[in-house]
Amino acid sequence: MRFVIIGAGRVGLRTARVLREEGHEVTVIERDETTVRRARNEEFSVVEGDGSREAVLEEAGVGEADAVGALTGDMNVNFTACMIAKHHGCRTVMRIDEAYREGIYRKYAEEVDEIVYPERLGAIGAKNALLGGTIRAIADVAPNLQIVELTFTDEAPINGYSISELELPADATVIAFGKRDRPLGIPSEDESLETGDRVVVLADYEVLSEVRQLIVGEPATRAAANAGAGGVN
């Protein structure tokens with residue numbers, strides 16, 4: 001596949017490396033001279049210029065690209081680039097940063113195919129390391145929704161129940177299940193829930209603490225603290 005990455009900073013260049021390692025064709029757009037040199041030293045095809053200008057995007061091959069990743073630290077540049085790329089029929093991915101607010105997310109989410117928030121992804125990784133092996137945040141899919149993988153413990157109130165008997169809060173649903181040491185898959189209603197089994201749940205932040213109490217067996221106060229106070233900040 002062919003990709004155009006706008007921004008050769010920390011996020012953009014790492015993304016370009018991963019894509020290239022997987023055998024994809026990558027062109028990078030960058031306007032900072034020092035950063036351009038760094039990307040060229042890594043033997044990337046680089047177009048020097050402003051990624052929010054259509055002429056620059058066309059020079060980078062947006063017309064033949066499968067997707068454009070607007071990954072600069074400037075949200076205005078990223079959004080403009082995505083709108084131009086969308087006009088050329090590309091899949092669009094837009095980066096947002098610490099200026100994030102839920103209203104901004106909602107404003108832009110309908111205009112692009114995907115929004116990425118690198119700081120939040122990094123926080124998820126750190127949180128997983130701190131919480132240990134029974135709870136693993138996978139992704140934020142909206143300001144108020146998160147996908148989490150939880151491992152059943154001996155203390156879980158529903159240990160020994162079946163999938164059909166698992167009664168999660170209204171704003172939570174099971175999307176995958178895996179027995180101990182087996183791959184995740186589509187859950188079957190007859191599967192028993194035992195220590196070491198894993199379940200992947202899509203849940204509203206408001207009910208995450210209840211989900212944790214049921215599956216991991218956390219005390220209410222700790223489950224509420226681990227669930228966080230709401231959407232992405």
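Is cysteine 82 buried or exposed, and what is its relative accessible area? I looked this up first in the predicted model. Cysteine 82 is buried, with a relative accessible area of 0%.

**Entry: cysteines**

I then searched for disulfides. In general, a disulfide is a covalent bond between the sulfur atoms of two cysteines. The sulfur atoms must lie within 2.5 Å of each other to count as such a pair. By this rule I found zero disulfides. For cysteine 82, the nearest cysteine sulfur is that of cysteine 90, at 9.9 Å, and cysteine 82 is in no disulfide. Cysteine 90 is likewise in no disulfide, its nearest cysteine sulfur being that of cysteine 82. I noted that cysteine 90 also counts as buried, at 3% relative accessibility.

**Entry: the chain as a whole**

I counted eight helices and 10 strands in the chain. Of its 233 residues, 47% are buried. The accessible surface is about 12000 Å², and carbon and sulfur atoms account for 46% of it. I also looked at contacts between residues at least 6 apart in sequence: 55% of them join residues at least 24 apart.

**Entry: nonpolar cores**

Which residues have the most contacts inside the largest nonpolar core? They are Val4, Ile6, Ile29, Leu57, Val68 and Met94, in a core of 23 residues. Two or more residues each come from β1 (2-6), α3 (54-59), β4 (67-70) and α4 (75-87). Helix α4 gives the most, with five residues. I recorded a second, separate core of 22 residues, which includes Val148, Ala203, Tyr205 and Val216.

I returned to valine 4 and listed its contacts, leaving aside neighbours within four places in sequence. Among them are Thr27, Ile29, Leu57, Val62 and Val68.

**Entry: helix α7**

I examined helix α7, residues 208-215, whose buried residues are Leu208, Ser209, Val211, Arg212 and Ile215. Seen down the axis of α7, these residues fall within an arc of 160 degrees, so they line one face of the helix. After α7 comes glycine 217, with a positive phi near 80 degrees.

**Entry: glutamate 43**

Where is glutamate 43 found? I located glutamate 43 in the loop between α2 (33-41) and β3 (45-48). Its phi is positive, about 65 degrees, although this residue is not a glycine. Most residues other than glycine have a negative phi. Glutamate 43 counts as exposed, at 69% relative accessibility, because the cut-off for exposed is over 50%.

Note on methods
Residues numbered from 1 in each chain as written. Predicted model: local features only at pLDDT ≥ 70, side-chain atom pairs only at ≥ 80, totals over all residues. Heavy atoms only, no water. Helix = DSSP H or I, 4+ residues; strand = E, 2+ residues; numbered from the N terminus. Buried < 20%, exposed > 50% of the residue type's maximum accessible area, 1.4 Å probe, protein only. Contact = heavy atoms within 4.5 Å. Areas by Shrake-Rupley, 256 points an atom, 1.4 Å probe, with all protein chains shown as cover. Arc of directions from axis to C-beta. Core = buried A, V, L, I, M, F, W, Y, C linked by side-chain atoms within 4.5 Å.
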